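Hi,

Here is the structure I promised to pass on. Have a look at it first, and my notes follow below.

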Amino acid sequence: MKRGWGWASALFVAGAVWTAGCGSGSDSTTGPEDLGTPPTESPDVPDDDAGTPDAGPGTPDAGPGIPDGGEEPEPDAGVPDSGTPDDGGTPDDGGTPDDGGTPDGGPVEVPLPTPSAANWEFFGREAGGPRFIYGVTADQAGNVWVAGGEEGLFLMKKGERTFRRFTLADGLRPYGYMPDGSAPPGPKYLKVISVAGAWNDTVFVGYEGMPGDGALHCENNWDSDVPDPARYKSGDADRVTLRADGTLDVVHYDISSGPGVVGDEPQGREKLCNIWRIAYDANTNSVWFGANHGFARGDADFPGNPTCNGQLLCSGVEEHSHPGINAYIYSDPAGDRERYGEDRSRWSVQGALLTDAYWGLGVRPDGDVWVGGANRTTRYFYGSVGRDFWEGQERTEYPNYAWNRIDIWKDAVGEEVYSRPEQRTDDVVSGIAVVGSSAWVGSFAHGLAELNESGQVLRTLKSELAAPHVASVAADPANGSIWTGHSWGGGLSRVQGGSVVHYGLSVFGRELSTMRVPDIQVDRSGPRRRMLVAFQGVTLSDGTVMPGTIGIYTGD
């Protein structure tokens, strides 16, 4: 059986390999970046990162007194993280106090007026919701689940109008298992950053791994000189089911490979930890995890096995793949800037593999999956090749499948040469929605693109949208329209045929219309679909917080 071979062996990487290898260490910091200021039209490469380029200099704020969309005031990258690292708890407490309110010593919150608009309802802190919102979904019973960051997982049961909150104390498990099935030693870090509804009373929950730079980052720590299980086992995902008595049944997906599973990494592999997006596919009994570095698949009905130790026959996980590219990165940016100023064509470079930040997941009717990341998008062949994950890996990663490493917003050069950073326009994909044979791909920097089933770009939209920076995408089953949420203000844009409708200030009010919209999903449980929209919440420059809100749309 072919499985999990090192990416370096497939593409013959020359020079130093960044985040590759799925075999060597990583200096990746993309994904874990804030959204302090909006990106420019063409993202650039950060000085200290071999991975996804940052977004370059910022653009003006959304308005006086209103931040530009992120929770932190400092400017940074075009590819966002899931929010601030201090939005409600400490690394060892798993969240805020049990009453769900503002934690002791926490930031002061600015009360928000609840918008009133036809066909919309809004549920925020007044309904017991979290301060910061990272995702929203509904299960088949119509229960609404919310990813509430360090405050945990929130649930509004069908027919109710207030949220209940779940944390580590309720069984959430944002960390994997040691070989003997025990919990890793050390502090536990809870941050819920993604959710995807499944069958009645069941949801898949994605976590962010313990934050840290360099060898302390959850992606790099396993391969470092000082591996710490509290870090390399942090993050991953759970399947969470609400029992009849109101308690939770939790099954953890330890997204890793154990000893002897990956030929190039006989000691095992621990790379994927931050689960930015999740997609559930009932037709293939699959749950797809879009993460840092790559993406993975899980068995949706996995019963759990704490002592499996990452073996394929019992882990419930197949990991991982990525449409990465070989390219050059700046090897001494600080020194080169001092020597050559901003003439980056003279800066020194080294070879690397670029792969990160898989925020785009769109399941096709045939069980294949569109997956988009910081650099490239791929149609991951799964359902159409007999549900063979490793065949899909070949058709995304092998040299003769370069056509399936799709460059939507074109670089100056293709894969036939190693591109320099100034030759790249990275796609920074934020979300993917599937309608018929089309895939609609959002970008944190470039707007929206429609692809056909072969990956050819049919059209792009940018100036037509309420804002060019797209943070989330969803397809409306009512009429096939495409909803997009924006990163830096502007609210929502809705594309239907050749027209685009904007939902902004007049619908949401000044505060909500300036917030990032990190997630849009569809509740299909009732006779009429509901569109679920997450308004994330922001931290103002003085440290006060405008908390997030869930918007529910029931109109046409």
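**Sheet, helix and core**

Ala474 sits opposite Trp483 of strand S24. Keep in mind that this is a predicted model. That pair belongs to the contact between S23 and S24 (residues 482-486), two antiparallel strands joined by five bridges.

Zooming out, the open sheet here has four strands, ordered S23-S24-S25-S26, with antiparallel pairing. Strand S23 (470-475) and strand S26 (499-503) are at the edges, each pairing on one side only. On average, neighbouring strands are turned by 20 degrees against each other, ignoring direction.

Back to Trp483: leaving aside neighbours within four places in sequence, its contacts include Trp120, Ala474, Leu492, Tyr503, Ile520 and Tyr553. Trp483 also shows up in the largest nonpolar core, which has 21 residues, as one of those with the most contacts inside it; Phe508 and Phe535 are others. S1, H6, strand S27 (519-523), S28 and S29 each supply at least two residues of this core, and S28 gives the most, with four. There's a second, separate core too, with 18 residues, including Leu153, Leu172, Val205 and Val545.

Then there's helix H6 (residues 505-513), whose buried residues are Val507, Phe508, Leu512 and Ser513. These lie on the same side of H6, because they cover an arc of only 85 degrees around the axis. Leu505 and Ser506 are exposed, on the face turned away from the buried side. Among the elements covering the buried residues of H6 are strand S25 (492-496) and S26 from the sheet, plus strand S28 (530-539).

Cheers

Definitions and conventions
Residues are numbered from 1 along each chain as its sequence is written. This is a predicted model: local features need pLDDT of at least 70, side-chain atom pairs count only at pLDDT 80 or more; totals for chains, interfaces and linings use all residues. Side-chain values use heavy atoms; hydrogens and water are left out. Two strands pair if DSSP finds at least two bridges between them. Axes are lines fitted to C-alpha atoms, for helices over the stretch in contact, and angles run from 0 to 180 degrees between N-to-C directions. Buried means under 20% relative accessible area, exposed over 50%, partly exposed in between (1.4 Å probe, protein chains only). The arc is that of the directions from the helix axis to the C-beta atoms. Contact means heavy atoms within 4.5 Å. A nonpolar core is a set of buried Ala, Val, Leu, Ile, Met, Phe, Trp, Tyr and Cys residues joined through side-chain atoms within 4.5 Å.
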